[in-house]
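These are my notebook entries on a structure that is new to me. I record what I looked up, entry by entry.

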Amino acid sequence: MFNVIKIEKKEKCSGCSACMASCPVHCIEMKEDEEGFYYPVANEKTCKNCGRCERVCPIFMKSHAEQEIKGAYAIVSKDTEERLMSSSGGVFSLLAKEVLSEGGVVFGAAMANDWKSVNHVVIKKDIDLNLLRGSKYVQSKIGDAYLQAQKYLDKGRKVLFTGTPCQIGGLRQFLNRDYKNLYLQDIICHGVPSTYAWEEYVNFREKKVASTTKKVLFRHKKYGWKTYSVLFKYSNGTEYDRVHGEDLYIKIFLDNYDLRPSCYNCAFKHLERHSDITLADLWGAQDMTPELDDNKGVSLAIVHSEKGERLLANISDKIITQEVPLHQAISHNTSMIESEVRPPERDDFYNDLKELGFQGIEKKYYPMTVKQKVIRWLRGTKRELLYRSKNKLWERK
């Protein structure tokens with residue numbers, strides 16, 4: 001028997017929002033918990049106890065994709081400028097432009113105007129593509145994106161819906177039917193931090209420079225694709241720029257301290273996906289496809305369906321493609337099939353964040369000696385000098 005949805009174990013909810021979208025009486029809201037993650041909360045007074053919310057839950061119903069993998073490919077866009085603006089090889093931008101050129105729409109994650117949260121939005125024009133381009137290491141809020149996508153699909157418009165594997169699984173369950181005009185693209189996902197953690201970090205950085213944030217790039221290629229940096233631009237003209245291994249937020253993210261509880265036992269870590277295409281970085285490109293590895297970014301595209309094959313074929317004149325062994329590609333990106341390990345400190349991390357702030361978190365979780373600080377400063381200076389010297393050479397050319 002189905003009842004009003006209740007989250008007894010937070011490890012069993014990915015926050016995909018399919019339950020909220022499916023409720024016929026709109027009695028479910030996604031509300032933040034004490035860590036800043038969104039969970040469904042139902043109004044039992046208006047609930048009709050129809051059970052739809054539980055039937056669409058991809059975790060509760062153990063929804064599992066059965067598509068066979070068609071192939072794995074190393075891909076780079078022939079447009080170098082566009083590739084440099086992308087996190088990897090620029091494939092998403094080309095797929096999106098293809099759908100938009102045919103009168104379709106594209107859904108994806110976009111930063112809010114204040115850069116302190118991420119929302120799923122829809123775009124209809126190429127000019128808005130920059131909103132969706134690039135990685136965002138924050139869980140996006142789906143909002144009414146599933147409902148909007150359904151309306152476009154029912155009108156016959158092509159829809160490219162991009163997101164994390166759990167979000168794509170949620171959309172599949174919500175729609176509960178196959179649309180010929182629907183294209184789904186997910187990513188190899190490490191896991192997602194909360195909106196609260198990211199907002200606190202933005203506030204922390206803004207306080208340091210006494211200015212509001214004008215722009216954030218999680219994967220800036222100033223020092224190359226493999227040594228990507230986090231870049232903040234501020235309204236007062238200043239910038240914050242750190243290589244990923246030296247930025248506090250990224251270190252916390254990669255060390256798994258701030259991930260959603262469900263990410264440590266993710267129900268979507270499979271080779272088979274609900275999507276038509278899975279995109280990621282082709283880490284290990286120097287071994288698999290050295291001829292494509294110019295440190296500007298190489299995408300890994302894992303194709304799961306005939307629709308995915310057709311979509312890639314439609315952009316074949318705009319990309320350089322080379323098939324790669326799937327097992328080798330996954331060995332460099334195990335997040336495709338393995339959940340991240342929950343560190344013992346995870347139980348205390350969000351409490352520490354509330355009590356200590358990011359400055360206290362840095363001292364407690366990443367204490368540095370004077371020697372380490374000097375080494376970090378020297379490395380940063382060396383990188384900046386190399387970057388400037390390269391710029392001068394380009395200017396001469």
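**Entry 1: Confidence**

I began with the mean pLDDT of the protein, which is 91, with 90% of its residues at 70 or more; pLDDT is the predictor's confidence in each residue, from 0 to 100. I then looked up residues 390-397, where the pLDDT is below 50. Beyond near neighbours in sequence, this stretch has zero contacts in the model, contact meaning heavy atoms within 4.5 Å. Where pLDDT is low, the predicted coordinates should not be read in detail.

I note the conventions: this is a predicted model, in which local features need pLDDT of at least 70 and side-chain atom pairs count only at pLDDT 80 or more, while totals for chains, interfaces and linings use all residues. Residues are numbered from 1 along each chain as its sequence is written, and side-chain values use heavy atoms, with hydrogens and water left out.

**Entry 2: The sheet**

I traced an open sheet of eight strands with mixed pairing, in the order β5-β4-β6-β7-β11-β12-β3-β13. Strands are DSSP runs of E of at least two residues, and helices are runs of H or I of at least four, numbered from the N terminus; two strands pair if DSSP finds at least two bridges between them. At the edges I found β5 (118-123) and β13 (319-323), each of which pairs on one side only. The twist averages 25 degrees from one strand to the next.

I followed β3 (residues 71-77) to β13: the two run antiparallel and are joined by five bridges. Y73 has E323 of β13 as its bridge partner. Helix α10 (residues 306-314) lies across β3, β7, β11, β12 and β13, and runs at about 140 degrees to β12. Axes are lines fitted to C-alpha atoms, for helices over the stretch in contact, and angles run from 0 to 180 degrees between N-to-C directions.

**Entry 3: A hairpin**

I looked up β1 (residues 28-32) and β2 (residues 38-42), which pair in the antiparallel sense over five bridges. K31 has Y39 of β2 as its bridge partner. The two strands form a hairpin with five residues between them, and G36 in the turn has a positive phi of about 90 degrees.

**Entry 4: Two helices**

How do the axes of α7 and α12 cross? The axes of α7 (residues 195-209) and α12 (residues 346-365) come within 10 Å and cross at roughly 15 degrees. The helices are therefore roughly parallel to each other, a term for angles under 35 degrees. I recorded the contact residues, among them Y196 and F204 of α7 and L353 and F358 of α12.

Terms used: Angles under 35 degrees count as roughly parallel, over 145 as roughly antiparallel, 65 to 115 as roughly perpendicular and the rest as oblique.
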